[in-house]
Amino acid sequence: MRISSPRLRRLDGALASLPAESEAMLLSDLDGYLAGVIVCPDRVPPEDWLPLVWSADGTAAPFVDDEEARWYADLVLDHHDRLRQALAAGRHAPFFEIDAQHDEVMWELWIEGFAAAVNLYPRSWAAIAASGDAEAAAAMAGMDTLVRIARDESDLDRAEIDRLTQEAPARIPEWTLRLDAWRREHRDAADGLAETPRPAKIGRNDPCTCGSGKKYKKCCGAG
């Protein structure tokens with residue numbers, strides 16, 4: 001997808017500028033990752049999901065100082081908030097990379113990001129099937145199928161794989177919206193909480209949301 005938004009261009013460039021050895025997410029897999037974090041049946045606090053944006057195992061924070069860490073965290077949290085608001089409004093336009101040479105939508109990068117979010121709290125997703133919501137369960141099953149296709153692990157026949165590969169760019173936003181509707185109906189209703197633009201305020205002794213590994217009061221909450 002061509003990036004028309006200055007905000008997304010800035011986020012895309014910032015992620016691409018991080019050291020390659022950190023294996024930080026790029027825009028497409030980050031977009032899928034954040035979608036998975038948002039629609040997860042359980043709330044995922046930033047200190048659990050944000051570190052994996054910067055490194056594959058969540059242990060590295062490839063920033064020169066705390067100020068740079070805060071700058072990057074703000075960019076990602078802003079994208080998280082905007083995506084959550086769009087989903088709540090019934091809109092979803094996933095960011096897919098395009099293979100210009102073959103004019104193909106590379107949805108596989110997005111779905112790998114979504115799978116990374118599922119892997120954060122793998123057991124919690126069973127609540128969707130257990131709820132008896134057939135549409136939400138079908139949406140989750142569809143996402144799982146695309147993950148297996150992206151990883152070349154599907155046991156479907158080639159014709160079915162080709163069909164789903166072609167349909168994936170249209171199916172992904174449909175399924176994500178259905179999972180978000182389930183989340184708002186079940187998780188938020190059970191919590192008695194309305195939509196909020198930002199995660200709840202963290203304590204000064206809690207881990208900083210930027211993923212630095214420091215306490216909040218000694219990092220983004222300093223000063």
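**Exercise 1. The chain as a whole**

What percentage of the 223 residues in the protein chain do buried residues make up? Describe also the elements and the surface of this predicted model.

*Solution.* 
Step 1. Buried residues account for 42% of the 223 residues.
Step 2. The chain contains nine helices and two strands. Read from the N terminus, the order of the elements is α-α-α-α-α-β-β-α-α-α-α.
Step 3. The accessible surface amounts to about 11,500 Å², and carbon and sulfur atoms contribute 50% of that area.
Step 4. Among contacts with a separation of 6 or more, 70% are made by residues 24 or more positions apart.

**Exercise 2. Serine 28**

Determine whether serine 28 is buried or exposed, and identify what its side chain reaches.

*Solution.* 
Step 1. Locate the residue: serine 28 belongs to helix 2, which covers residues 27–39.
Step 2. The relative accessible area of serine 28 is 1%. Buried means under 20%, so serine 28 is buried.
Step 3. The side chain of serine 28 reaches the backbone oxygen of phenylalanine 95 at a distance of 3.0 Å.
Step 4. Leaving aside residues up to four places away in sequence, serine 28 touches Phe95, Phe96, Glu97, Leu109 and Trp110.

**Exercise 3. Aromatic pairs**

Classify the pair formed by tryptophan 54 and tyrosine 72, and explain which parts of the chain this pair ties together.

*Solution.* 
Step 1. The structure holds eight aromatic pairs.
Step 2. In the pair of tryptophan 54 and tyrosine 72, the ring centres are 6.0 Å apart and the planes stand at 85°. Planes over 60 degrees apart count as edge-to-face, so this pair is edge-to-face.
Step 3. Tryptophan 54 lies in helix 4 (residues 51–54), whereas tyrosine 72 lies in helix 5 (residues 66–88); the pair therefore ties together parts that are 18 residues apart in sequence.
Step 4. Tryptophan 71 is partly exposed, at 40% relative accessibility.
Step 5. Trp54, Phe63, Trp71 and Tyr72 together form one aromatic cluster.

**Exercise 4. The nonpolar core**

Which residues touch the most other members of the largest nonpolar core, and which elements give two or more residues to this core?

*Solution.* 
Step 1. The largest nonpolar core has 56 residues, and Trp49, Val53 and Phe114 touch the most other members.
Step 2. Two or more residues come from each of helix 1 (6–16), helix 2, helix 4, helix 5, helix 6 (107–118), helix 8 and helix 9 (158–191).
Step 3. Consider tryptophan 49: beyond residues up to four places away in sequence, tryptophan 49 touches Tyr33, Leu34, Val37, Val44, Val76, Leu77, His80 and Leu120.
Step 4. As a general point, nonpolar side chains in soluble globular proteins tend to be buried together.

**Exercise 5. Alanine 137**

State how far apart alanine 137 and leucine 179 are in sequence and in space, and describe the surroundings of alanine 137.

*Solution.* 
Step 1. Alanine 137 is part of helix 8, residues 134–150.
Step 2. The relative accessible area of alanine 137 is 27%, so this residue is partly exposed.
Step 3. Alanine 137 and leucine 179 are 42 residues apart in sequence, with 8.5 Å between their C-alpha atoms.
Step 4. Apart from residues up to four places away in sequence, alanine 137 touches Ile128 and Ala129.

How values were computed:
Residues numbered from 1 in each chain as written. Predicted model: local features only at pLDDT ≥ 70, side-chain atom pairs only at ≥ 80, totals over all residues. Heavy atoms only, no water. Helix = DSSP H or I, 4+ residues; strand = E, 2+ residues; numbered from the N terminus. Buried < 20%, exposed > 50% of the residue type's maximum accessible area, 1.4 Å probe, protein only. Polar contact = N/O pair within 3.5 Å; in protein donor to acceptor, adjacent residues only side chain to side chain. Contact = heavy atoms within 4.5 Å. Areas by Shrake-Rupley, 256 points an atom, 1.4 Å probe, with all protein chains shown as cover. Phe/Tyr/Trp six-rings, centres within 6.5 Å; stacked < 30°, edge-to-face > 60°. Core = buried A, V, L, I, M, F, W, Y, C linked by side-chain atoms within 4.5 Å.
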